Amino acid sequence: MTSPEHPGAPGCPVAHGGGLPGGLPVGVPLTPLYGPAVAEDPHGLYARLRERYGPVAPIELEPGVEAWLVLGYAELLELTRNEALFSKDSRRWRVPAEGRLAADSRLLPMTAWRPTLLNLDGAEHQRLRAAVSDTLAQIDHRQLRGTTEAAANGLIDGWGPDGTADLVTQYARRLPLLVFTQLVGLPVESGPRVVELISHFVDSSAQSQRAGLEFQALLVDLVRRRRAAPSADLTSWLLAHPAGLTDEEAVHHLVVLMVAGNETSINWTGNTLRLLLTDRRFRATLTGGRLTVSDALEEVLWRDPPTQNFPGRWATGDTVLGGQYISAGDMLVLGLAAANADPAAQGVSAAAQGSLGGNRAHLAWGAGRHVCPAQHPARIIVETAVETLLHRLPDLQLAVPPSELAWRPSPWSRALTALPVLYSAFTPPRPPAPERPAWTPPPNPEPAPSPSDSTPSAATSTARTPDSARPAPRSWWSSLAGWWSGR
């Protein structure tokens, strides 16, 4: 088997020169889904692929490794809903079976088979998904919002008086880990290292395999400790689930939770803040009250979803999708950003006008039985992060021209490397809401009122629960944020 010949210019389509059995035919141009093109102008790349090939396009994931990118909205729905033809089991992939995936391939952390809900179909997938979904459902949303707000305020308070900050490195990349380390029960001081490790294997960097192994080792230790001494955290709840996960299964699913929840929250926060700072229409409709933060987050999921592509599905037999002949063992990549931009799904005018805020028909979370299970906690974290920042720093301005913003070179994530801003002053954090006393009848009750008289409402006649007020003072979080910032 011969490898494709690559021209010197990165991002140029190249003709496949192999005589590969099945899969992409000889002579098909393969467009790299890596390098500058996918980082700097992915939307332009997807548009060119759609124009040339239609809803399913041949691509290259790394030199000599071919795949299909599903660009069409309808085709992506068909792909994700037809488990019989398109399996999640990456052991079906022809490339490693034929010895064409290098032992040190950067794709391995994102494509290697593991005993998780991401890599299984049928009843076993349903068993593991139930364990993850039920575990996530135990998160107290009020507490999660309060924890996130407190952590956000602690980070903002640590920025100092000079009126400058980087909303990616000092906010979006730190905030979710402050929350997720607490959720899963990891030591808080491990947060910065966990961010670095996740970034390596999500970006398919040169250190991706080493980072994946080190991250897994952290979680192996956590599972052993929680198996011996359970606590009130996601790890303990996952181990106690009736599905009876083994330690190995628990470790792999913690990887899924940490990557899906943390990486999504980081990128979603950063992409929302970028849009606020670079799109006047978007910011005016949000600050003017014509768009809620929740609607704004939906528009970002349409325009720049935090995961732009996701691996993958593997064909169980020869078939046709989007006019392309797919062979058994071929890999198909979910083009989430490309499918959202499909004119057949949303209309060119709607995309141009940005009128998608209230529409949740996007595919940013995937579709079918494998739709992302961590989307609700991620939404709470991101919504709270954006609301808190806008309250504290209402006059945020971008510190550099928008054209100077750079994106991480990842085929999977859509994430900025930095988002430098200027601001003039802090707005103090919201004070805790005062406790309202429970309603009690007057000492000398009058005769029973007539129906026309006013009566105490149900809301005032019930005592508040202890956790219904705003979070307590934030000294602990402020100290933690200061330690993280090196103060």
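Is T427 buried, exposed or partly exposed? T427 is partly exposed, at a relative accessible area of 24%, where buried means under 20%, exposed over 50% and partly exposed in between, with a 1.4 Å probe and protein chains only. The model is predicted, and local features need pLDDT of at least 70 while side-chain atom pairs count only at pLDDT 80 or more, although totals for chains, interfaces and linings use all residues. Residues are numbered from 1 along each chain as its sequence is written, and side-chain values use heavy atoms, with hydrogens and water left out.

**The chain overall**

- The chain has 20 helices and 12 strands, taken as DSSP runs numbered from the N terminus, with helices being H or I of at least four residues and strands being E of at least two.
- Of the 487 residues in the chain, 54% are buried.
- Where contact means heavy atoms within 4.5 Å, 71% of the contacts between residues at least 6 apart in sequence join residues at least 24 apart.

**Aromatic pairs**

- The structure holds 4 aromatic pairs; rings of Phe, Tyr and Trp (its six-membered ring) pair if their centres lie within 6.5 Å, and planes under 30 degrees apart count as stacked, over 60 as edge-to-face and the rest as tilted.
- One of these pairs joins W159 and Y171, whose ring centres are 5.8 Å apart and whose planes stand at 75°, so the pair is edge-to-face.
- This pair links distant parts of the chain, since W159 is in the loop between α7 (141-157) and β6 (164-166) and Y171 is in helix α8 (residues 168-172), 12 residues apart.
- W159 is buried, with a relative accessible area of 7%, and Y171 is buried as well, with a value of 0%.
- W268 and W365 also form an edge-to-face pair, with 5.3 Å from centre to centre and 75° between the planes.
- The two residues are 97 residues apart, W268 being in helix α13 (residues 247-278) and W365 in the loop between α18 (348-353) and α19 (375-392), and both W268 and W365 are buried.
- Ring pairs also link W159, Y171 and Y423 into a cluster.

**Charges over rings**

- R91 lies over the face of W113, at 3.8 Å from the ring centre; a charge sits over a ring if NZ of Lys or CZ of Arg is within 6 Å of the ring centre and within 35 degrees of the ring normal.
- R414 lies over the face of W407, at 3.4 Å from the ring centre.

**Helices α13 and α19**

- The axes of α13 and α19 come within 9 Å and cross at roughly 35°, with axes being lines fitted to C-alpha atoms, for helices over the stretch in contact, and angles running from 0 to 180 degrees between N-to-C directions.
- Residues of α13 including G261, W268 and L276 meet residues of α19 including A378, R379 and L390.

**Two loop residues**

- D342 lies in the loop between α16 (336-340) and α17 (343-346), and it counts as buried at 10% relative accessibility.
- Apart from neighbours within four places in sequence, D342 is in contact with R50, L71, G72 and Y73.
- T427 lies in the loop between β12 (420-422) and α20 (475-484), and, leaving aside neighbours within four places in sequence, T427 is in contact with H391, R392 and P394.
- T427 and R392 are 35 residues apart in sequence, yet 4.5 Å apart in space, C-alpha to C-alpha.
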